[in-house]
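The stops below go from one selection to the next.

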Amino acid sequence: MPSLKNFGEGLLRGLKVTLNHAGRKWITVQYPEQKLNMSRRVRGTDIIWDRESCISCRACERACPVQCISMAVSRGEDKKLKTDDITIDFGLCIFCGLCIEACPTGISIYLGNTYANTNYRCSTFAGAKTGATPSDGRCREIVRANDELLVDDAARPRSGYYRPEIAAALPPQTLLVNQTTYIEDLRKRGQK
Ligand code: SF4
Ligand code: SF4
């Protein structure tokens, strides 16, 4: 049976460990409110399409190994091809990046660097807002079409995957920098 002395020692030892950790630099973030910058070339769970530069050649659609891109293309009055409709089913997409590599303009379709499409409630998904109720029971936000694919801002940034010019302009890989700093801190304290 443990003595009162042993119990007190254990308590103090535990308190010391807690205090040691309390003074350390945080290496975690309050996800999902805060997110770390991913690698510049991460293949994120997102695809961004640029209507302005797209020449409606459908090379991306043909390159997709799981056929999750659907495009409706027609000829305008100037006889040029134009995209009337583009849909990507992110429930099927395997984020292989082949559509990005196939694009002849080099700037019309690229991966985002979103790494988790999380949401607290189903009611906040895009499809729920528009009243869409899929017959197969899948959440509508995994299917994005037209304007939903155009967003390119700080909340939904681009990945530099297959696009070195984009990669060069992206912020540092803080995920790796943080880990390196943490390991250096441990070394300085003789704990590694
Ligand atoms: S990343 Fe791959 S699976 Fe996803 S849309 Fe592009 S080609 Fe298809
Ligand atoms: S491959 Fe590029 S240019 Fe061709 S349709 Fe797709 S996004 Fe547009």
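Is Phe95 buried or exposed? Select Phe95: the residue is buried, with a relative accessible area of 16%. Buried here means under 20% relative accessible area, exposed over 50% and partly exposed in between, with a 1.4 Å probe and protein chains only.

Before moving on, note that this is a predicted model, in which local features need pLDDT of at least 70 and side-chain atom pairs count only at pLDDT 80 or more, while totals for chains, interfaces and linings use all residues. Residues are numbered from 1 along each chain as its sequence is written, chains are lettered from A and ligands numbered from 1 in the order in which they are written, and side-chain values use heavy atoms, with hydrogens and water left out.

Next, the aromatic pairs. The structure holds two of them. Rings of Phe, Tyr and Trp (its six-membered ring) pair if their centres lie within 6.5 Å; planes under 30 degrees apart count as stacked, over 60 as edge-to-face and the rest as tilted. Phe90 is buried, at 9% relative accessible area.

Now select Tyr161 and Tyr162, an aromatic pair that is tilted, with 6.2 Å centre to centre and 35° between the planes. Tyr161 is buried at 7% relative accessible area, whereas Tyr162 is partly exposed at 40%.

Return to Phe90 and show Arg144, whose charged end sits over the Phe90 ring, 5.6 Å from the ring centre. The criterion is NZ of Lys or CZ of Arg within 6 Å of the ring centre and within 35 degrees of the ring normal.

Then turn to the ligands. Around ligand 1 are Ile47, Cys64, Pro65, Val66, Cys68, Ile69, Cys93, Ile94, Phe95, Cys96, Gly97 and Cys99; a residue counts as near if one of its heavy atoms lies within 4 Å. This shell has eleven nonpolar, one polar and no charged residues. Ala, Val, Leu, Ile, Met, Phe, Trp, Tyr, Cys and Pro count as nonpolar, Asp, Glu, Lys and Arg as charged, and the others, Gly among them, as polar.

Ligand 2 has 14 residues around it, of which Cys54, Cys57, Arg58, Cys60 and Cys103 come nearest. By class, its shell has ten nonpolar, three polar and one charged residues.

Finally, select the whole chain. Of its 192 residues, 28% count as buried.
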